[in-house]
Amino acid sequence: MSKKELLVIDDEPILCRALAALFEERGFHVTTVATAREALDQIERTPADVVLLDLKLPDSSGLDVLSQLKAKFPALRVIVISAFADPDTIQQVFQRGASDYLAKPFDFGRCFYTAMGIEAVDLADVHPEPEALARVPAARARKGLLLPLRIVDGALQVAMADPS
């Protein structure tokens, strides 16, 4: 099985190194670039499964890069990571096709799960369905640190301490 490809587009070297370490540890092949030009060249050479994109780049607006990426690769999962958290910017991010938005500074674990498309669950708000609980033996649930939640279209949905 080939590794998932992650492209990080950000001109902060320390952040890029930290994200690369986090995602490589979890089985990704990570490429980091600092400019829009490098990003667009890189994605032509090696299509990415997920892109983490900063909005402030030295040679272009991240919003423009987002538009170009989504025009060429409509199904591409693009997570915008930015310190620009005003409502207008966030609205533009989603209008241009971003999958999600994380305001800097962000929790690295949340970044990983967001990139994977895994939804966080607040267990205080969860009421597991008895049918779901019956599908997983209690010993297995404890060992895997998981909680069966519900059955949707025949598939068991679970909350896990570590979905990776």
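Biologist: Where is Asp153 placed, and what makes it count as exposed?

Modeller: Asp153 is in the loop between strands β6 and β7, where strands (E, at least two residues) and helices (H or I, at least four) are DSSP runs numbered from the N terminus. Its relative accessibility is 81%. Buried means under 20% relative accessible area, exposed over 50%, and partly exposed in between (1.4 Å probe, protein chains only). Asp153 is therefore called exposed.

This is a predicted model, in which local features need pLDDT of at least 70 and side-chain atom pairs count only at pLDDT 80 or more, while totals for chains, interfaces and linings use all residues. Residues are numbered from 1 along each chain as its sequence is written, and side-chain values use heavy atoms, without hydrogens and water.

Biologist: How do you know that the peptide bond between Lys104 and Pro105 is cis or trans?

Modeller: Omega is about -10 degrees, and the bond is cis. Most peptide bonds are trans. Pro105 belongs to the loop between β5 (100-103) and α5 (108-116).

Biologist: Why is the pair Asp10 and Lys104 called a salt bridge?

Modeller: A salt bridge is a side-chain nitrogen of Lys or Arg within 4 Å of a carboxyl oxygen of Asp or Glu.

Biologist: Which residues are linked in a network with Lys104?

Modeller: The salt-bridge network contains Asp10, Glu12, Asp54 and Lys104. Glu12 meets Lys104 at 2.7 Å, N to O. That pair also joins distant parts of the chain, 92 residues apart, with Glu12 in the loop between β1 and α1. Glu12 has a relative accessible area of 38%, so it is partly exposed.

Biologist: How many salt bridges does the rule give, and what makes Glu44 and Lys72 one of them?

Modeller: The count comes to 5. The closest N and O atoms of Glu44 and Lys72 lie 2.9 Å apart. Glu44 is in helix α2 and Lys72 in helix α3, so the bridge ties together parts 28 residues apart in sequence. Glu44, at 45% relative accessibility, is therefore partly exposed.

Biologist: How do you know that the buried residues of α3 line one face?

Modeller: In helix α3 (residues 62-72), the buried residues are Gly62, Leu63, Val65, Leu66, Leu69 and Lys70. Seen down the helix axis they fall within an arc of 155 degrees, so they line one face; the arc is that of the directions from the axis to the C-beta atoms. They pack against β1 (4-9), α2 (36-45), β3 (50-53), β4 (77-82) and α4 (87-95).

Biologist: What makes Ser61 a cap of α3?

Modeller: A side-chain oxygen of Ser61 lies 3.0 Å from the backbone nitrogen of Leu63, at the N-terminal end of α3.

Biologist: What is the case for Gly27?

Modeller: Gly27, found in the loop between α1 and β2, is partly exposed because its relative accessibility is 32%. With neighbours within four places set aside, Gly27 is in contact with Lys3 and Lys4. Gly27 and Lys3 are 24 residues apart in sequence and 6.1 Å apart in space, C-alpha to C-alpha.

Terms used: Contact means heavy atoms within 4.5 Å. A polar contact is a pair of N or O atoms within 3.5 Å; within protein, one must be able to donate a hydrogen and the other to accept it, and residues adjacent in sequence count only if both atoms are side-chain atoms.
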